[in-house]
Amino acid sequence: MPQNIADKIFAAHLKDQPFEGTNVLSLDVVMCHEITTPIAIADLEYRGMDRVFDPTKIKAVIDHVTPSKDSKTAIQAKILRDWAKRHNIKDFFDIGSNGVCHAIFPEKGFIRPGYTVIMGDSHTCTHGAFGAFAAGVGTTDLEVGILKGVCAFRKPASIKVEINGELGNGVYAKDVILTVIKELTVSGATDHVIEFVGSTVDSMSMEERMTLSNMAIEAGGTCGICLPDEVTLDYLWEFIAGEYDNDKGKALEDFKKWHSDEGAEYASVIVIDATKIEPVCTTDYNPDQVILLKDQKGMKIDQVYIGSCTNGRLSDLHAAAKILIGNKLAPNVRGIVSPATPKIFDAAMKDGTMDIFRQAGFCVTNPTCGACLGMSNGVLAPGEVCASTTNRNFVGRMGRGGMVHLMSPASAAAAAVKGELCDPREFL
Amino acid sequence: MKMFGGEVIFLDRENINTDEIIPARYLTEVKKEALKPYLLEDLELEGFDSNGEKLQRAKIVVSRKNFGCGSSREHAPWAFEVNDINIVIAESFARIFRQNMFNCGMMAIEMPKEKIDSLFALSKKGNVIADVNFSAKKITFKVAEDEVSESFELSEFDAALVEAEGWVGYADTRY
Ligand code: SF4
């Protein structure tokens with residue numbers, strides 16, 4: 001029977017089917033951060049099972065609140081830090097070398113086509129951009145993943161989202177995914193994998209594909225998968241060249257084994273004409289409440305946030321800087337930019353991008369999740385409005401009583417300059 | 001197995017997300033018990049009071065579509081668990097929340113819209129008490145003289161997790 005990529009990854013990792021419909025998969029990577037992992041660690045200790053299945057397959061980072069903001073977050077960081085040390089987890093990233101999990105782990109080459117990945121974080125779907133099956137899980141699933149290297153899934157059906165055509169000026173991957181979520185609705189992909197295909201996706205960089213895959217969960221999706229190709233290969237080459245005897249052709253052939261077969265089954269197929277997509281943002285409190293920015297003009301904002309695992313990468317900072325150059329933040333608007341990893345931070349310092357942000361009046365923070373989940377570094381006060389490049393606008397996300405409008409970095413930068421939501425094409 | 005059944009609280013809105021169930025500011029807690037006072041603290045819903053007696057007495061939640069969407073935090077089921085709420089019944093659930101519930105030996109039960117509607121209708125008559133028969137997979141909702149019985153379905157795996165009080169114990173003996 002023809003299989004899609006998720007079918008193939010499931011088949012290759014199937015360890016047990018204790019009951020019909022329950023697939024226990026072996027895991028290639030288990031990722032951990034300091035918010036959801038400490039309770040798993042504490043429970044393992046309590047049960048007398050403080051072990052890890054394979055320290056080389058566990059990746060850990062302190063990223064959500066870093067540096068710690070109070071003694072409680074310091075304790076969480078310490079629990080993770082001590083545990084990583086105790087179990088000889090070498091791929092552990094702490095203050096000075098840490099960054100947002102879904103940005104730093106791919107950057108280190110940890111994710112490969114065909115991998116199975118879990119993390120106690122809903123945006124784990126990001127790593128599907130590499131042709132992997134990557135899913136967010138809760139602490140108990142994480143705990144079992146750490147201990148046994150397995151996770152149970154109901155086999156998700158796949159939705160094919162085919163996006164064709166060239167994106168217009170001022171239109172970015174974020175506009176594409178918000179448009180897709182509007183179409184699918186906030187729960188339209190629940191228990192499904194979204195497979196992104198089409199010429200638009202083919203011509204996207206890995207950074208753009210990660211933006212797409214990152215928000216699969218906002219439509220309820222288990223994972224957002226892109227098929228591994230030359231772009232994936234080039235991104236990963238420095239890490240994998242040795243495994244393929246420096247032969248790119250060989251690697252590409254190997255990647256292709258994961259591609260969905262002709263005639264594979266899909267629960268549904270959605271076709272989107274990329275040439276018709278315009279700059280958009282969310283309005284109200286659900287990620288599927290998406291409207292054209294040109295129709296949302298005049299909405300005043302208090303804060304602009306550029307960062308996160310969705311849009312805190314170098315190309316995102318460049319897109320924002322292109323609009324900010326020579327401009328200043330509007331009066332009464334606060335700007336915060338958080339490059340997602342130290343590598344991105346360094347590159348943005350070297351190429352002058354950070355100067356542009358600073359000259360525009362932005363506060364530059366270290367790589368961290370911070371304001372994205374309303375825990376530190378830019379939490380909103382009740383009644384405040386934020387133009388944000390993050391991925392979630394649910395009630396209270398960036399602070400109790402705050403309103404978050406999700407958009408691309410260019411759109412957020414345009415809003416920063418204008419002091420209100422606007423179409424970024426006004427600046428391009 | 002956990003205790004199931006008791007007074008029902010009705011949350012009449014779709015897409016109630018995990019930030020509303022337990023706000024991010026409490027994710028710094030490393031003990032489940034510490035979450036107890038904060039359950040549903042940020043949920044703004046007409047007639048709902050997160051400090052009210054109604055929530056304190058509740059043992060079952062009934063809600064609408066896509067319950068538990070958003071962040072993967074298992075703190076959401078835990079916040080229910082430490083408040084002795086071990087069942088949520090809804091028209092549908094977000095995948096991670098649903099799995100987290102069963103992983104903790106709790107139940108996330110899906111019922112079709114008509115049934116959920118009829119339960120909401122029942123709630124207009126007064127306090128609803130539910131009796132859960134796990135082996136028969138049946139829940140009886142009572143209010144004054146009225147009584148409605150609904151059957152529910154669980155996959156074998158979900159039932160096994162409920163019986164084993166969660167996934168850690170199950171997985172450890174098996175893998
Ligand atoms: S940046 Fe935001 S969405 Fe991404 S992992 Fe951090 S908190 Fe989650």
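**Figure 1. The largest nonpolar core of the predicted model.** This core comprises 69 residues. The residues with the most contacts inside the core are B:Leu11, B:Phe67, B:Phe80, B:Ile89, B:Met107 and B:Trp167. Helix α6 of chain B (residues 156-163) contributes the largest share of the core, namely 5 residues.

**Figure 2. Surroundings of B:Ile89.** With residues up to four places away in sequence left out, B:Ile89 touches B:Ile60, B:Val61, B:Val62 and B:Ser63, and also B:Ile109, B:Met111, B:Ile116, B:Ile139 and B:Phe141. B:Ile89 belongs to strand β3(B), where it stands opposite B:Val62. B:Ile89 is also one of the residues with the most contacts inside the largest nonpolar core.

**Figure 3. Strand β2 of chain B and its parallel partners, β1(B) and β3(B).** Strand β1(B), residues 6-11, runs parallel to β2(B) and is joined to it by 5 bridges. In this pairing, B:Phe10 stands opposite B:Val62. Strand β3(B), residues 87-90, is likewise parallel to β2(B), to which 3 bridges join it. Here B:Val62 stands opposite B:Ile89.

**Figure 4. A β-α-β unit in chain B.** The unit is right-handed and consists of β2(B), helix α3 (residues 75-81) and β3(B). Its two strands run parallel and are joined by 3 bridges.

Technical notes: Residues numbered from 1 in each chain as written. Chains lettered and ligands numbered in written order. Predicted model: local features only at pLDDT ≥ 70, side-chain atom pairs only at ≥ 80, totals over all residues. Heavy atoms only, no water. Pairing = 2+ DSSP bridges. Helix = DSSP H or I, 4+ residues; strand = E, 2+ residues; numbered from the N terminus. Right-handed = clockwise from strand over helix to strand, strands pointing away. Core = buried A, V, L, I, M, F, W, Y, C linked by side-chain atoms within 4.5 Å. Buried < 20%, exposed > 50% of the residue type's maximum accessible area, 1.4 Å probe, protein only. Contact = heavy atoms within 4.5 Å.
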